[in-house]
Each structure stands twice: as structure tokens, then as C-alpha cells.
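Keep the sequence and the 3D view open as you read.

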Amino acid sequence: WWWGQGSTDFLTIANAPQAWEDFKKNIADVKSLRPVLTAPGTIQRWVEKSGKAEIHLWVKETAQKITFIAVNVTSTETDAVFEARGFDNNATLTRVFENGSVKVIDGKIKDRFAPKEAHVYELVK
């Protein structure tokens, strides 16, 4: 049960099937990252501004791969350009939960972010 913001009603998940499906997908995505999140490795964190947007960045290098998580924490859509720490120039990073990839060019990654959107990239060694 939760209170429905903007109304005086209390709702169950039956009242919000899309929210429930989105929530289950997010939990499954985080669960699939557990091996990376708990593995020994080196972590870097930083924040970069991209216009009015703010992108929070997290990179973890393990023996098997480098995982890069980038999150637009603002309500502003943006074409972000940010440092590609830990990656060689011309490296191609796979998008973990999306189709496609991004390429490191001149030490930078460029990608489009919707408001509050996260991208997870990976490079297998």
C-alpha cells in the first residue's frame, strides 16, 4: 500500500501495473549487477555538469571488466559529454541494459540522457 500523491486515496500495486513492471525491471537490473558491485576492484566516483544537467559517475574495474554507471540526477534532458576514466581512446563500451554501444573519443563519452535516466556501460577485458 502507498498513498497516491495528489489524491486522498491509498493505492495498491494493482492500481499501477506499469509502475510495478518498471519496479520489477529495476530490481532485476540491480540484482544482475550484484557480481560487479560486490567483486574486489578499484572504484572511482565523480560528478560532471553538462549544461543544466548533473551527471553522477561511478566506475569499477575488476579483473574481468570495467563497469561504468552514469546517472542524470536532474529533471533536464541532456546530451552529456563526460570523462571516460579507465578506458582507452577508441574503446567501444557496450550498453548493459540497452541496445547499442558508445565509443570513447578523445578520452570522453557522449550520450543522451532523459531526465533522471541512468546508463550502464561495460568493457570486457
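**Starting from T67**

T67 is buried, with a relative accessible area of 1%; buried means under 20% relative accessible area, exposed means over 50%, and partly exposed is in between (1.4 Å probe, protein chains only). Before going on, a word on the ground rules: this is a predicted model, where local features need pLDDT of at least 70 and side-chain atom pairs count only at pLDDT 80 or more, while totals for chains, interfaces and linings use all residues. Residues are numbered from 1 along each chain as its sequence is written, and side-chain values use heavy atoms, with hydrogens and water left out.

You'll find T67 in strand β5. Helices (H or I, at least four residues) and strands (E, at least two) are DSSP runs, numbered from the N terminus. Leaving aside residues up to four places away in sequence, T67 touches V36, W58, V59, K60, V120, Y121 and E122; contact here means heavy atoms within 4.5 Å. Across the sheet, T67 stands opposite E122 in β10. Strands β5 and β10 (residues 118-124) pair in the antiparallel sense over 7 bridges, where pairing means that DSSP finds at least two bridges between two strands.

Strand β10 has another partner too. It runs antiparallel to β7, and 2 bridges join them. In that pairing, R95 stands opposite Y121 in β10.

**Stepping back**

What does the whole thing look like? The protein has 2 helices and 10 strands, and from the N terminus on its elements run β-β-α-α-β-β-β-β-β-β-β-β. The C-alpha trace spans about 55 × 35 × 25 Å along its principal axes. Of the 125 residues, 31% count as buried. Among contacts between residues at least 6 apart in sequence, 48% join residues at least 24 apart. As for the surface, the protein exposes about 8,100 Å², and carbon and sulfur atoms supply 54% of that; accessible areas come from the Shrake-Rupley method with a 1.4 Å probe, and for residues only the protein chains shown count as cover.

**Into the core**

Now go inside. The largest nonpolar core has 18 residues, and those with the most contacts inside it are F68, A70, F82, F87, I109 and Y121. The elements that give two or more residues to this core are β4 (53-61), β5 (65-72), β6 (78-83) and β9. A nonpolar core, for the record, is a set of buried Ala, Val, Leu, Ile, Met, Phe, Trp, Tyr and Cys residues joined through side-chain atoms within 4.5 Å. Take A70 and look at what surrounds it: not counting residues up to four places away in sequence, A70 touches I55, H56, L57, F82, F113, E117, A118, H119 and Y121.

**A charged pair under cover**

Next, look at D111, which sits in strand β9. Is D111 buried or exposed? D111 counts as buried because its relative accessible area is 7%. The side chains of D111 and R95 meet in a salt bridge (2.3 Å, N to O). This pair links distant parts of the chain, with D111 in strand β9 (residues 108-113) and R95 in strand β7 (residues 92-95), 16 residues apart. A salt bridge is a side-chain nitrogen of Lys or Arg within 4 Å of a carboxyl oxygen of Asp or Glu. Both D111 and R95 are buried.

D111 also has a polar contact of 2.6 Å joining its side chain to that of Y121. Polar contacts are pairs of N or O atoms within 3.5 Å; within protein, one must be able to donate a hydrogen and the other to accept it, and residues adjacent in sequence count only if both atoms are side-chain atoms. Beyond four places in sequence, D111 touches T78, D79, A80, R95, V102, H119 and Y121.

**The other salt bridges**

Side chains of opposite charge can pair when their charged atoms come close. How many salt bridges are there? The count comes to 9. One of them joins the side chains of K24 and E21 (3.2 Å, N to O). K24 and E21 both lie in helix α1 (residues 17-32), 3 residues apart, about one turn of the helix. K24 counts as partly exposed because its relative accessibility is 39%, and E21 counts as partly exposed at 40%.

R85 forms a salt bridge with E83, the closest N and O atoms being 3.4 Å apart. R85 is partly exposed at 25% relative accessibility, and E83 is partly exposed at 31%. Finally, E77, D79 and R112 are linked in a network of salt bridges.
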